[in-house]
Protein chains: 2
Amino acid sequence: MSTFRIALAQINTVVGDLDGNTAKVIDYMRRARELGADLIAFPELAITGYPPEDLLFKSKFVEENKKRMHEVVAASKGISAVLGFVDSDGPLYNAAAIACDGELAHVYRKIYLPNYGVFDEERYFKPGNRCPVFKIGEASVGINICEDIWHTVGPTVVQKSAGAELIVNISASPFYTGKIEAREEMLATRASENCVYVAYLNLVGGQDELVFDGASIIHDPLGDVVEIGSQFQEELVVSDLDLGMVRNLVVGDTQISVNEEPVVGEFCIPEVISLAKIQHVPKVPIPSRSPTRYDAVGEVYAALVIGTRDYVLKSGFKKVVIALSGGIDSSIVAAVAVDALGASNVTGVSMPSRYSSEGSINDAHQLSKNLGIEMKSIPIEEAFASSLRTLESHFHGLEPDTAEENLQSRIRGNLIMAMSNKFGSLVLTTGNKSEIAVGYATIYGDMAGAYAVIKDVPKTMVYDLARYRNGLSGHDVIPEAVLIKPPSAELRPDQTDQDSLPPYEILDPILTAYVEEDCSLDDIVALGFDREMVQQVVTLVDRSEYKRRQAPPGVKITPRNFGRDRRMPIVNQYKPF
Amino acid sequence: MSTFRIALAQINTVVGDLDGNTAKVIDYMRRARELGADLIAFPELAITGYPPEDLLFKSKFVEENKKRMHEVVAASKGISAVLGFVDSDGPLYNAAAIACDGELAHVYRKIYLPNYGVFDEERYFKPGNRCPVFKIGEASVGINICEDIWHTVGPTVVQKSAGAELIVNISASPFYTGKIEAREEMLATRASENCVYVAYLNLVGGQDELVFDGASIIHDPLGDVVEIGSQFQEELVVSDLDLGMVRNLVVGDTQISVNEEPVVGEFCIPEVISLAKIQHVPKVPIPSRSPTRYDAVGEVYAALVIGTRDYVLKSGFKKVVIALSGGIDSSIVAAVAVDALGASNVTGVSMPSRYSSEGSINDAHQLSKNLGIEMKSIPIEEAFASSLRTLESHFHGLEPDTAEENLQSRIRGNLIMAMSNKFGSLVLTTGNKSEIAVGYATIYGDMAGAYAVIKDVPKTMVYDLARYRNGLSGHDVIPEAVLIKPPSAELRPDQTDQDSLPPYEILDPILTAYVEEDCSLDDIVALGFDREMVQQVVTLVDRSEYKRRQAPPGVKITPRNFGRDRRMPIVNQYKPF
């Protein structure tokens, strides 16, 4: 019996680049057709890129996206295709065109619209109300989109009841640590409980704060993995599915338990649509691949690399400049930048002050040598001294305080932005999540720049990343001295972070509980932390919302990042204790 | 026949300040009871402040808000009350407690949840499914919340069908120019088409980027205005309503046409709930008021004043510092600051450079004298010269360009932030909407600060505001020279804004069409503008999204501001032409 050859185009789209995305889609479709694939799928909103946000309010944008969809449909001779695009009939729909042999067979409209976390889909879209099964040759295939498949009692169940043997889900599922395990467990369950193949296709690449990790995957009706895609890279994932397996299994072989809760809504009516018969080219052997998957630290590092690369390149830039202090944060950012853009596109800038230790200056230079990047030195002493003189008459008789500390940081911000403006490179900032959470960062100073690579990485994880990166090289690209010295902003004599903050091993779990898990003060104290310390930390977090609102974007890597994921008021008199 | 005395507590709440908001609610309830009011209403989410945003994800916050609601209910002896709070039974609801004589009679849950523009209510709330009418003494009163009343066929129709004579709508309706006319026309229509009184209560005050303008209003069943509240100030609006008017009118007297479209959803079942009989104190004469309403320019100015005042005071600050360039933008911001906070809380800083004209320096000093504010002078020449020397070896042989221009602006940003840090005052920035739209502003330079007062005011409207403010004083607080000289950033010799931008009279309507109305290039050209110029402008707008994302908040005064109202991707390769 013949198998069903499915191709999942795990591509990296660019938001707004209708021409570029369409060309890429057509190229991948050609490749799949040459392999004799029965069906090729493209990610959610492949034509527009994801998420297009308020571009969707431009009617010309939506019209042009539909035109591109029709171009792709016309190019689908000899194959069937599932293509994410924006449908409209007055309201807009997050949709999938089902193309067959050059004709548009159907448009599926996403039924479950996420409107939580980073998602605002109810701002833009109306839900669909049909979820048919398509007869493609002898195969019965249900199509749905992203969130649709996360619902136990949803489109998948309806499609199964209409005879689906294979569910194809096209997604744009943003990365965060640990998500892949939850996702793959859900997909295995969805396959086995419905006794269907589930082919899950995810977008890959970075868009502003989001990174999509790819990692497409196909499960068989027993929930076992048939095929996987790489994390964080473009790929055409092709697999021959023995759909006969579904026909030969009886319900008792699987764990179907989905009839406990009724499916409600108009979309629950089973429906079958037959696609035209296609004369495929003969199937040729599927090229072998070695999909890349990462461990828990490695996937974070890979996310930072692709997020940084895509932000810089998709913004039309090539080069970046980074202030290297000799500390661990700027060191890991430089390593990420080199891996993302190549050493020749990364410039380090050392901006020592009267408070910089010799060790830090040396560590920064050693790092730049290890990474093979250009290093420039711009001492800030003269600019700092002249600024102090300029302010002398106004500050007369007052003790030095954070004003003078921030002044140094902002002079550095000013000088590196001048380098950026002069040489057309983007500034990468180096603050980590622990610092930005408690406001231990200078707005317009070290926070000044285009992209904040590690803004969602807690300090303790920064150390893990540094060791991971050194492990990749097999030697200490990031000097060991950087890993072992106490963290310091070096803005006054003998300063260390722990003068004003708890040790990061204590700070980070408090921050996770408060920022990511909405724990109350009592909840956090119950985890074993000192009440006064927790009060201090949550007060700092609440008071620095204004800084975060003016921070550059950076890669989301935790379940909740600062940005559109956590929308706190700036004016906020709630006292959580 | 006895009248129904309604009291609308048009109060200024603070987001998160559960204690403060509750105390204010109880105080206004006491005042209404002493007047012998039958019913007092409080704004939408009065307990939490509006919008509480992701504070809603803290279960302790929601619990505490419910506790405060019950405190208010317990304090409602001798009166009935409608109180906005967050209800929860697992999911959350934007709700109104209906209290009567110390008991909780009912909880109404908002049915229509706005999820567009600045609103994200579907992120937080589930819709309600009941909209009863309450018998309060002899009166039949329907309660609904904000968006509910904007729907022709919605809760109001259902409540009318259950016998409502009066609809009380509690709102938090953010201000923008012209909204009040649309709102009052809608309310008059809703009253007359349903042949009911409509008492509309709106929140007042500023919260981050939003300003709520109050302007509560009561219409009778013919759509005529019975009573109004002031714009932009706290007030207890009290009115005696002759509900017999509803009983005496027959349907033919009004323009009811609402049965054309059926009401759908569970909430369409008419329902009546009788509240307990209350022994009121005898009605005493209603204190006379002189409600304040503004003209089109005046309401913008008043919005800027209350927005600035509330941002500063609700953040726990008292004083502000403003860079005064002698230009019209910083002049109007200084005037707003003085009207918001008092002259003694405003400090002007003049930061002249080698390119500052004598006229500008004099104009800034004259303005500070006229406003009675302290003025400090911090020349930037020494800091600029030393920064140039610091960068000399790196910039050697390269022509001066925007790097040097931005350097000056950022030195000013740095110095004024040092003043802010040293003296504990907030920096108000002075950029207008036209500049921030096209990116004619220096990030970390003149954009550096806590609150961007006129960031949503187009440049042409800045002139209107200056003339309006001078008109209020009866003399030129803002010197005439400031109004007539050509706008210039003074960052290089003989620079004017019009070197790089179209005249503002042309730029502003292009920006309105593109930014606020999503017009395509062709649409804008069809309005009579040069195609090449429009292309230049929209390209500038798209390219400067990254700057806006790091801009401070400022008062929303147009139908669409930059901020949560316009969510554009930063990485965006869409070419609108």
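Chain A contains 18 helices and 20 strands, where helices (H or I, at least four residues) and strands (E, at least two) are DSSP runs numbered from the N terminus. The radius of gyration of chain A, 26 Å, is close to the 25 Å that the globule rule gives for 577 residues, so the chain is as compact as a globular protein of that length; the radius is taken over C-alpha atoms, and the rule is 2.2 Å times the number of residues to the power 0.38. The model is predicted, with local features requiring pLDDT of at least 70 and side-chain atom pairs pLDDT 80 or more, whereas totals for chains, interfaces and linings use all residues. Residues are numbered from 1 along each chain as its sequence is written, and chains are lettered from A and ligands numbered from 1 in the order in which they are written.

The contact between the chains takes 68 residues from chain B and 68 residues from chain A, two residues being in contact if their C-beta atoms, placed from the backbone, lie within 7 Å. Helices that each supply at least two residues of the side of chain B that touches chain A include H8 (296-314) and H12 (402-423) of chain B, and H12(B) gives the most, with 14 residues.

Within helix H8 of chain B lies Ile306(B), which is buried, with 25 other C-beta atoms within 10 Å; a residue is buried if 20 or more such atoms lie within that distance of its own. Not counting residues up to four places away in sequence, Ile306(B) touches Gly205(B), Gly206(B), Val211(B) and Phe232(B).

Key:
A residue is buried if 20 or more other C-beta atoms lie within 10 Å of its own, exposed if 12 or fewer, and partly exposed in between; C-beta atoms are placed from the backbone.
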